[in-house]
Amino acid sequence: MSTTTDTQVLRPDRKKSRLGFDVLGLGIALVMIFPVYWLVISALRPNREIRSYDQTLWPTSITFDNFARAIKQANFATAIQSSLIVSITAVVGGMIIATLAALAIGRFRFFGRKPLLLIMILVQMLPPTAMLIPIYAQLNAMGGIDEYWGLIVVYLVSTLPFATIMIRGFVVNIPVELEESAMVDGCTRFGAFRRVIFPLLAPGLAAASIFALVNAWNEYLFAYILINDNSKYTLNVWLMTFTTERGTDFGALMAASTMIALPVVVFFMFIQKKMATGLTSGAVKG
């Protein structure tokens with residue numbers, strides 16, 4: 001009886017505590033989403049309103065001329081092509097190599113396995129600017145400057161350690177007995193991987209692919225240094241063309257930035273169901 005009374009006394013405090021955390025979370029979400037909101041709103045404002053000192057949270061007039069000017073900007077189509085080639089190749093290649101590496105590290109015991117994991121973690125701690133000069137010198141010696149493959153290799157290698165560690169976490173949680181049972185039933189090792197292991201790795205692959213895509217699609221520094229040909233600029237480097245000696249076309253710049261952000265959002269919308277349902281459907285019952 002006393003336990004019930006104590007529980008009833010604690011309930012209002014718990015509700016207040018939960019309400020406080022909800023308000024805090026909502027405040028943090030608003031702070032994080034405000035730059036995105038301002039980006040989209042600025043893309044819909046006329047340039048005269050963007051340059052005005054009297055700014056409002058909602059535009060007094062909406063125009064799509066900014067998007068039209070962004071699309072008509074020189075090298076827009078080639079910039080989309082460059083970003084798609086580099087990003088898709090880096091993501092697909094990175095996921096294939098990371099999955100194979102994660103399976104090797106998670107399933108087999110070999111000399112140097114733990115030091116390899118430690119090196120992967122240490123590499124993630126290095127800032128990209130610290131590796132810029134060595135990477136540029138190496139690619140220049142190999143003829144990779146102004147070539148798509150040079151930038152693809154940089155993006156693939158930069159996401160590989162994180163993706164490998166993330167996917168390995170899913171591999172070690174999959175019982176080996178499932179794979180062995182499939183092989184006993186007649187599957188080859190590759191068949192057991194394709195039919196049993198791969199579906200359970202879907203959440204890890206989805207999360208790692210989002211990280212790889214965001215890294216490759218939004219990266220600016222290496223793309224700016226390694227690609228000097230205007231016809232091979234990625235979208236983030238192409239944004240520089242909106243700033244000239246006569247000033248910056250802020251409306252078109254905001255519109256172009258909004259369009260550049262859309263592919264990542266669309267990609268996430270397609271795989272978010274796999275990320276959410278995969279974590280539960282991939283659970284193994286004993």
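This is a predicted model: local features need pLDDT of at least 70, side-chain atom pairs count only at pLDDT 80 or more; totals for chains, interfaces and linings use all residues.
Q: Okay, helix packing next. At what angle do H6 and H7 pack?
A: General idea: a packed pair of helices is described by two quantities, the angle between the axes and the distance between them. Here, H6 (residues 132-142) and H7 pack at about 145°, and their axes are 11 Å apart. As for handedness, the crossing of H6 and H7 is right-handed.

Q: Which residues make that contact?
A: From H6 you get Ile135, Leu139 and Met142, and from H7 Trp149, Gly150 and Val154. Sorted by class, the contact of H6 with H7 holds 5 nonpolar residues, 1 polar residue and no charged ones.

Q: Let me zoom in on H7. Is Thr159 buried or exposed?
A: Thr159 sits in helix H7, which spans residues 148-171. Its relative accessible area is 3%, so Thr159 is buried, the cut-off being under 20%.

Q: Which backbone oxygens lie 3.1 Å and 3.2 Å from a polar atom of the Thr159 side chain?
A: The backbone oxygen of Tyr155 is the one at 3.1 Å, and the backbone oxygen of Leu156 is at 3.2 Å. Setting aside neighbours within four places in sequence, Thr159 is in contact with Phe211, Ala212 and Asn215.

Q: What about Ser158: which residues does it touch?
A: Ser158 is also found in helix H7. Not counting residues up to four places away in sequence, Ser158 touches Gln124 and Asn215. With Asn215 there is a side-chain to side-chain polar contact at 3.2 Å. With Gln124, 34 residues away along the chain, the C-alpha separation is 8.0 Å. Ser158 counts as partly exposed because its relative accessibility is 32%.

Q: Asn215 turned up for both Thr159 and Ser158. Now, where is Ala208?
A: Ala208 is in helix H10, residues 202-218. With a relative accessible area of 0%, Ala208 is buried. Leaving out neighbours within four places in sequence, Ala208 is in contact with Met95, Ala163, Met166 and Ile167.

Q: On to charges. How many salt bridges does the structure hold?
A: General idea: oppositely charged side chains can pair when their charged atoms come close. In this model there are 4 salt bridges. One of them joins the side chains of Arg45 and Glu49, at 2.7 Å from N to O.

Q: Are Arg45 and Glu49 buried or exposed?
A: Arg45 counts as buried because its relative accessibility is 1%. Glu49 is buried too, with a relative accessible area of 10%.

Q: Which residue pairs with Glu179?
A: That's Arg107: the closest N and O atoms of the salt bridge are 3.2 Å apart. Glu179 lies in helix H8 (residues 176-184) and Arg107 in helix H4 (residues 76-107), so the pair ties together parts 72 residues apart in sequence. Both Glu179 and Arg107 are buried.

Q: And where do Lys232 and Glu147 lie?
A: Lys232 forms a salt bridge with Glu147, the closest N and O atoms being 3.9 Å apart. The pair links distant parts of the chain, 85 residues apart: Lys232 is in the loop between H11 (221-226) and H12 (235-238), and Glu147 is in the loop between H6 and H7. At 32% relative accessibility, Glu147 counts as partly exposed.

Q: Last one, backbone angles. What is phi of Asn75?
A: Phi of Asn75 is near 65°, a positive value in a residue other than glycine. Asn75 is found in the loop between H3 (65-72) and H4, and counts as partly exposed at 33% relative accessibility. Asp146 is not a glycine either, yet has a positive phi of about 65°. You'll find Asp146 in the loop between H6 and H7, partly exposed at 23% relative accessibility.

How values were computed
Residues are numbered from 1 along each chain as its sequence is written. Side-chain values use heavy atoms; hydrogens and water are left out. Helices (H or I, at least four residues) and strands (E, at least two) are DSSP runs, numbered from the N terminus. Buried means under 20% relative accessible area, exposed over 50%, partly exposed in between (1.4 Å probe, protein chains only). A polar contact is a pair of N or O atoms within 3.5 Å; within protein, one must be able to donate a hydrogen and the other to accept it, and residues adjacent in sequence count only if both atoms are side-chain atoms. Contact means heavy atoms within 4.5 Å. Axes are lines fitted to C-alpha atoms, for helices over the stretch in contact, and angles run from 0 to 180 degrees between N-to-C directions. A crossing is left-handed if the near helix is turned anticlockwise from the far one by less than a right angle, and right-handed if clockwise. Ala, Val, Leu, Ile, Met, Phe, Trp, Tyr, Cys and Pro count as nonpolar, Asp, Glu, Lys and Arg as charged, and the others, Gly among them, as polar.
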